[in-house]
Amino acid sequence: MNIKQDGIAPNSARLLWAGFMAILAAGVGFGIRGGILANWGAEFGFNASQLGVIGGAGFTGFCFGIIIGGVIVDKIGYGKLVFAAFAFHVLSAFVTFAASSGQEAQTAFKFLYWGTFIFAFANGTLEAVANPLVSTLFPKNRTHYLNILHASWPAGMVVGGLIGWTMGDSFSWKVQLGLFLVPTAIYGFMFLGQSMPKSEASQKGLSFGEMYKDVGILGSIVVCFVLYLFFVGSLGFSTLLAGALAILLLVLSGYVSKFSVGAWLIFVLFLTHALVGAVELGTDGWIQNITGNILTPAEGKILFVFTSLVMFALRFCADFIEKKLKLSPIGILLVCSVLAIVGLNLVSGITTFVGAMLALTVYALGKTFFWPTMLAVVGDRFPRSGAVAMSIMGGIGMMSAGLIGSPGLGYAKDRFAGEALETVNAEAFAEYKSETGSKFLFFEEVNGLDGAKLGVVQGKLSAARAELAEAGNKDPQAALDKLTETERQVQAAFIKGDRKTLMADAAIPATMAIIYLLLLFYFKAIGGYKPVEIASNTGGSDA
């Protein structure tokens with residue numbers, strides 16, 4: 001890898017690593033939040049669905065940041081967007097830290113939700129800069145350099161996980177979360193005063209309407225659907241108002257593209273990226289919590305760091321996989337889908353730390369290349385779209401993670417855990433169930449377990465483990481024996497809910513695998529996967 005030779009600008013290396021540091025800051029904040037979900041549940045009494053909604057704001061906010069940023073980036077310039085993102089990152093810290101245990105739970109929920117939303121908006125704004133910037137800087141090897149850029153995400157999660165692992169028992173969640181401001185300051189310095197190139201489409205003098213033609217009505221349908229879900233689920237709009245707004249936006253999108261139908265492949269990629277966001281980021285937001293419940297919280301943090309390290313290392317290998325193993329980007333995505341199916345099912349059955357490491361390695365192998373490789377496919381096949389299609393697709397993935405992946409897994413945890421406890425002990429379920437019902441899309445409302453009451457049980461379990469460990473006894477059953485029969489049933493039901501949640505989650509990459517297989521057949525039928533030059537894309541490739 002020779003960045004100076006591969007890049008088209010003299011400062012290509014600095015811009016690549018500045019983008020790397022920006023996404024790393026996002027990963028650090030995300031990793032820390034994953035580790036303090038239990039703190040928020042115990043401190044404020046939130047159930048899993050409420051925590052899922054807060055976690056979901058970390059994705060929906062990103063969607064608005066990356067879509068708005070992608071639309072205006074070529075007009076106002078990368079530098080101004082970087083400054084705006086920096087300001088929003090700082091603001092997010094102040095809003096989140098306004099939550100305190102002395103407040104009503106609903107007030108604290110709002111501070112945590114909107115603080116997370118603003119943080120994600122800053123992340124999305126940064127990625128609206130970084131993705132098209134790296135795609136422009138390295139046009140001959142987009143898959144490789146976009147994977148390097150996004151290696152910063154798992155690197156950030158490693159740092160965030162280590163913060164939770166080393167500081168979780170000694171420092172408040174506010175101190176831990178505040179540390180994401182350190183890489184924020186670093187990326188601000190690295191971008192300061194740098195000259196940045198325009199996208200290929202912008203250099204060719206294409207208007208926004210021309211860039212948007214490949215997205216067209218088909219791509220806009222996907223965007224407007226996820227926005228409809230946001231209006232209903234996050235803003236609380238009625239279905240009628242949300243539907244009217246979505247239709248209005250669809251009409252406006254059609255007007256911008258002069259009512260171009262759009263490329264069918266972009267429509268398929270947008271839909272598939274919604275699944276990518278749900279399974280990759282939605283699962284990432286819960287995996288530390290889930291493995292920590294099945295094993296121990298400390299082991300869950302270690303496993304999260306381990307999985308992120310595997311992802312970080314693998315994302316530097318995309319060039320080798322593509323060129324040495326002769327796999328096209330679509331081939332890479334198909335193999336990753338199969339590995340993700342196997343990995344999630346393996347993780348659902350873990351009983352030991354070593355077994356968990358092996359299962360999570362398979363899962364990490366699966367999810368590593370999804371996001372950046374999907375971006376590379378859009379950059380390769382639709383250069384005319386400039387930053388627009390790439391940013392919109394990233395926004396769809398994040399919005400899906402926030403509206404489907406994170407709350408969907410929270411709902412599944414509540415549903416499966418509640419059902420498991422009610423089956424074995426209806427009286428215990430009546431005592432431990434959350435008074436706040438869990439809802440998700442069109443599924444029936446259910447009652448999960450109360451976060452505060454569950455926190456008491458898990459606190460007793462952690463204390464028992466610590467006491468036994470001091471005596472040299474690390475038998476997990478010995479710690480469980482110190483709980484009452486009802487408390488053991490509650491803990492067992494919670495773990496069973498986690499296992500069934502991961503098994504249900506595996507259906508998403510299974511769907512993706514079918515889509516990628518069909519795309520593989522399509523590209524084989526047209527002579528193979530090849531990047532498209534903008535001069536030959538005037539009619540829209542794969543339309």
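Predicted model: local features only at pLDDT ≥ 70, side-chain atom pairs only at ≥ 80, totals over all residues.
Residues are numbered from 1 along each chain as its sequence is written. Local features need pLDDT of at least 70 and side-chain atom pairs count only at pLDDT 80 or more, while totals for chains, interfaces and linings use all residues; side-chain values use heavy atoms, with hydrogens and water left out.

Let's start inside. A nonpolar core is a set of buried Ala, Val, Leu, Ile, Met, Phe, Trp, Tyr and Cys residues joined through side-chain atoms within 4.5 Å, where buried means under 20% relative accessible area (1.4 Å probe, protein chains only). The largest one has 145 residues, and Trp40, Tyr187, Phe191, Leu269 and Tyr516 have the most contacts inside it. Helix α2 (residues 12-44) gives the most to this core, with 17 residues; helices here are DSSP runs of H or I, at least four residues, and strands are runs of E, at least two, numbered from the N terminus. Apart from this core lies another, of 18 residues, including Tyr432 and Leu454.

Now for the hairpin. Strands β1 (residues 438-440) and β2 (residues 443-446) run antiparallel, joined by two bridges; strands pair if DSSP finds at least two bridges between them. Ser438 stands opposite Val446 in β2. Two residues sit between the strands, and Leu441 in the turn has a positive phi of about 45°.

Both strands turn up again: β1 and β2 each supply at least two residues of the lining of the second largest pocket. Which helix gives the most to that lining? That's α3, with six residues.

Methods
Buried < 20%, exposed > 50% of the residue type's maximum accessible area, 1.4 Å probe, protein only.
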